[in-house]
Number of protein chains: 2
Amino acid sequence: MSMDIEFYFDFSSPYGYLASCQIDDLALRYGRGVSWRPMMLGIAMKQTGSQPLVHIPLKGDYSRHDLARTARQLDIPFVIPEQFPIMALAASRAFYWIDDEDHERSSNFAKAAFRSFFGEGRDISQPAAIADIAEPLGVDREALLRAITDPVVKGRLKTETDTAVERGVFGSPFIFVDGEPFWGADRISDVGRWLETGGW
Amino acid sequence: MSMDIEFYFDFSSPYGYLASCQIDDLALRYGRGVSWRPMMLGIAMKQTGSQPLVHIPLKGDYSRHDLARTARQLDIPFVIPEQFPIMALAASRAFYWIDDEDHERSSNFAKAAFRSFFGEGRDISQPAAIADIAEPLGVDREALLRAITDPVVKGRLKTETDTAVERGVFGSPFIFVDGEPFWGADRISDVGRWLETGGW
């Protein structure tokens with residue numbers, strides 16, 4: 001059986017959102033699954049000396065323009081939320097806690113959280129907002145709120161983030177296909193070619 | 001008559017090189033010319049707080065891998081030169097001096113300089129190397145060497161760079177199609193789509 005595509009992202013990454021709208025369909029086309037892997041991009045940015053895209057002079061303005069343009073091209077709803085960037089700790093911890101029980105539910109949760117944030121502009125930084133997103137997917141609200149502050153779940157996100165950085169992940173989205181790394185939403189078509197050809 | 005595509009790059013930029021191998025053919029396909037515009041990326045990087053790609057932890061390693069992979073895909077000869085990155089002052093000044101007389105010769109010079117540097121790994125930081133590249137294209141060697149240290153030519157490169165930064169150029173390659181900005185060699189296909197459709 002073929003390996004799942006590994007899809008690393010930060011819930012606060014707009015290019016991560018654009019990729020999140022495409023990755024499952026792309027994988028399905030080549031008979032693959034997707035391992036969704038949220039991480040805290042800020043930890044990687046400490047190594048690269050980078051900062052959130054939209055805060056960077058010149059690059060920030062270009063990114064806003066490019067994000068809106070790319071979303072139009074893909075026909076995906078997109079806004080820069082009022083509260084942005086955020087520390088997406090609650091969403092990321094919730095993801096791994098849900099993921100341990102049910103992969104399909106966790107990826108549905110990830111897509112719903114991204115859509116709420118970048119599709120509708122809602123603030124998803126707080127645990128209550130995350131519970132609002134997870135509850136309709138069949139997640140126990142109170143148990144989820146407890147999980148978000150559980151030291152074990154916190155540690156899990158830290159470990160996942162450390163592993164990502166050790167593997168060379170420095171941006172979002174960051175995709176591995178059979179170990180081959182691809183950085184950026186604009187590499188989705190390369191990921192497709194790699195899946196189709198097995199590499200070049 | 002349609003506007004030329006504006007193609008900004010730094011001669012020390014490997015992704016600029018990959019784009020330089022494709023931009024003329026792409027433009028021709030849509031009946032466009034290309035205005036080649038070398039600039040000193042270091043000036044823009046002062047604004048964005050960035051540094052040469054290959055010096056950045058994690059991102060540098062990924063870039064080396066991605067550059068070689070992309071060159072393979074495009075079937076373009078590619079090496080990371082021993083002397084790299086360089087300050088490409090001599091090449092950039094030479095370009096504008098040649099360009100004032102003959103656009104075709106200047107773009108041929110730009111392609112030859114890029115090929116010498118990233119295709120063959122030669123050091124193109126020194127004026128003598130630039131003269132070696134330009135001479136076979138019909139450029140007067142002694143006049144070129146004088147031009148490289150001419151305050152007027154130096155000023156010209158500075159002005160072109162300042163204009164680029166004012167227009168929002170922060171990376172290489174950076175392409176404008178009828179004013180629409182595209183950053184990165186991985187956006188060449190988007191540039192093609194924009195040329196084909198007139199935008200979206």
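Buried here means under 20% relative accessible area, exposed over 50%, and partly exposed in between (1.4 Å probe, protein chains only). This is a predicted model, in which local features need pLDDT of at least 70, side-chain atom pairs count only at pLDDT 80 or more, and totals for chains, interfaces and linings use all residues. Residues are numbered from 1 along each chain as its sequence is written, chains are lettered from A and ligands numbered from 1 in the order in which they are written, and side-chain values use heavy atoms, leaving out hydrogens and water.

Strand E1 of chain A (residues 5–9) has five of its five residues buried, so the rest of the structure largely encloses it; strands (E, at least two residues) and helices (H or I, at least four) are DSSP runs numbered from the N terminus. In a regular strand, side chains alternate between the two faces of the sheet. Here, Ile5(A), Phe7(A) and Phe9(A) point one way, and Glu6(A) and Tyr8(A) the other. Pairing takes at least two DSSP bridges between two strands. E1(A) runs parallel to E2(A) (residues 34–38) over five bridges, with Val34(A) as the bridge partner of Ile5(A). Towards E3(A) (residues 174–177), three antiparallel bridges form, and Glu6(A) sits opposite Phe176(A).

As for charges, the whole structure holds 34 salt bridges over all chains, each a side-chain nitrogen of Lys or Arg within 4 Å of a carboxyl oxygen of Asp or Glu. In helix H9 of chain A (residues 151–166), Glu160(A) and Arg156(A) make one at 3.1 Å, N to O; they are four residues apart, about one helical turn. Glu160(A) is buried at 13%, while Arg156(A) is partly exposed at 23%.
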